[in-house]
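Let's walk through how the pieces of a protein fold sit against each other.

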Amino acid sequence: MNAIIKSEKKHFPVLLNELINIISPLYGGTFIDCTFGNGGYSQEILKHQSNKVISIDRDESVLKIVNKFEAKYKNRFYFKQLKFSQLNKLNLKPTDLKGIIFDLGYSLNQIQDKSKGLSFNSDSKLNMRMGLNEFSAHEVINKLEYEDLYKIIKFFGDEQKAKFISRKIIVKRQSQKINTQDLVKIIDDVKKYRYTRIHNSTKTFQAIRIFVNNEISELIYGLIESFKLIPLGGIIAVVTFHSIEDKIVKFFFKNYSERKNLSRYLPNLNNKKILFTLKNKKPILPSSKEIKINPPSRSAKLRYAIKIKDNDDFKDFVEKFKIYLDIENIRKKL
Ligand SMILES: C[S@@+](CC[C@H](N)C(=O)[O-])C[C@H]1O[C@@H](n2cnc3c(N)ncnc32)[C@H](O)[C@@H]1O
């Protein structure tokens, strides 16, 4: 993820205190941590003896930390390697489930793992798989046709030079397979900027990573699955790091929560499904102190909602983000 102190070379959970403040009134029950990572959130919840944590993560490299947790928090900690969209495979429905949390993105360990190729500095074959994937960035860059590459880089990266970058990828790969550094060079050649705030490759790499890991459908179906699991009164809390993620979470919570009428004399024309109570309409952001010690945390946004009604039809939610899901479906060509 972005939530790291690079100088200290250790993972630093973002918005941790804010998240704990939100869920602590519900303590004395079970919480599902959908993004175990380095276990930062799980550990903080487990500090309270009356809490239990069920964790998932798609990356098997977290198992080293999981083993330590299992030894330390006997009978209070359980882990399964799963993706958000597979939450139903947990085969657990604790009666005292109080909250489900997501800290999206990737961890410092994942960036530092050169074989994963998530960083622009990696000199290996393109990869970007976080775990439980069907294909890698190598296949995306070396196999997909121009139009598909363009859509991925444009829509998932919001990259203005998506056309030029995609075209150059197609030309370059006629003579050789493209690896991580070739891609960085292609983007540098197209963008030509030297002194920008963000690295020339940031947007394209974000786009390819989202596509390789199906991050959009993972989030959409992860939210739907967590809604099905959480009982009435339980909380779903999500920390996002980029605008597409935040748009999805914001829509999910706001579209299904009560909106006050402009006038109490007007009829309520708003016949939408009210499934959540929102305590905070606006996202919770990191304090200036947190941003100072951990600058990448500046893009983090925490949103949460309390479930107040059951529902089993989320067609309108899925439909709303069809444009992104259609792009993810390009994977069928690989
Ligand atoms: C930002 S890290 C979580 C850090 C954690 N909160 C901590 O404090 O250590 C995000 C983790 O979520 C995992 N992840 C991302 N997408 C996932 C998905 N769709 N399903 C399961 N795990 C996922 C990543 O593998 C990574 O380990």
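Here are some questions and answers about helix packing and a sheet in this predicted model.

Q: Are helices α6 and α9 roughly parallel or roughly perpendicular to each other?
A: Helix α6 covers residues 146-157 and helix α9 covers residues 202-212. They pack at an angle of about 105 degrees. Angles of 65 to 115 degrees count as roughly perpendicular, so α6 and α9 are roughly perpendicular.

Q: How many nonpolar residues are in the contact of α6 with α9?
A: The α6 side of the contact includes Ile152, Ile153 and Phe156, while the α9 side includes Ala207, Ile208 and Phe211. Sorted by class, three residues of this contact are polar and one is charged. The nonpolar residues number seven.

Q: Which term describes how α7 is oriented to α8?
A: Helix α7 (residues 162-172) and helix α8 (residues 180-191) have axes 9 Å apart and an angle of about 130 degrees between them. Angles over 145 degrees would count as roughly antiparallel and 65 to 115 as roughly perpendicular, so the remaining word applies. That makes α7 to α8 oblique.

Q: Which strands stand at the edges of the sheet?
A: The open sheet has seven strands, in the order β5-β4-β3-β6-β7-β9-β8. An edge strand here has a single partner, so one of its sides is left without a neighbour in the sheet. The edge strands are β5 and β8.

Q: Which residue in β9 is the bridge partner of Thr277?
A: Strand β8 is joined to β9 by two bridges, and the two strands run antiparallel. In β9, the bridge partner of Thr277 is Ile306.

Conventions:
Residues are numbered from 1 along each chain as its sequence is written. This is a predicted model: local features need pLDDT of at least 70, side-chain atom pairs count only at pLDDT 80 or more; totals for chains, interfaces and linings use all residues. Axes are lines fitted to C-alpha atoms, for helices over the stretch in contact, and angles run from 0 to 180 degrees between N-to-C directions. Helices (H or I, at least four residues) and strands (E, at least two) are DSSP runs, numbered from the N terminus. Angles under 35 degrees count as roughly parallel, over 145 as roughly antiparallel, 65 to 115 as roughly perpendicular and the rest as oblique. Two residues are in contact if their C-beta atoms, placed from the backbone, lie within 7 Å. Ala, Val, Leu, Ile, Met, Phe, Trp, Tyr, Cys and Pro count as nonpolar, Asp, Glu, Lys and Arg as charged, and the others, Gly among them, as polar. Two strands pair if DSSP finds at least two bridges between them.
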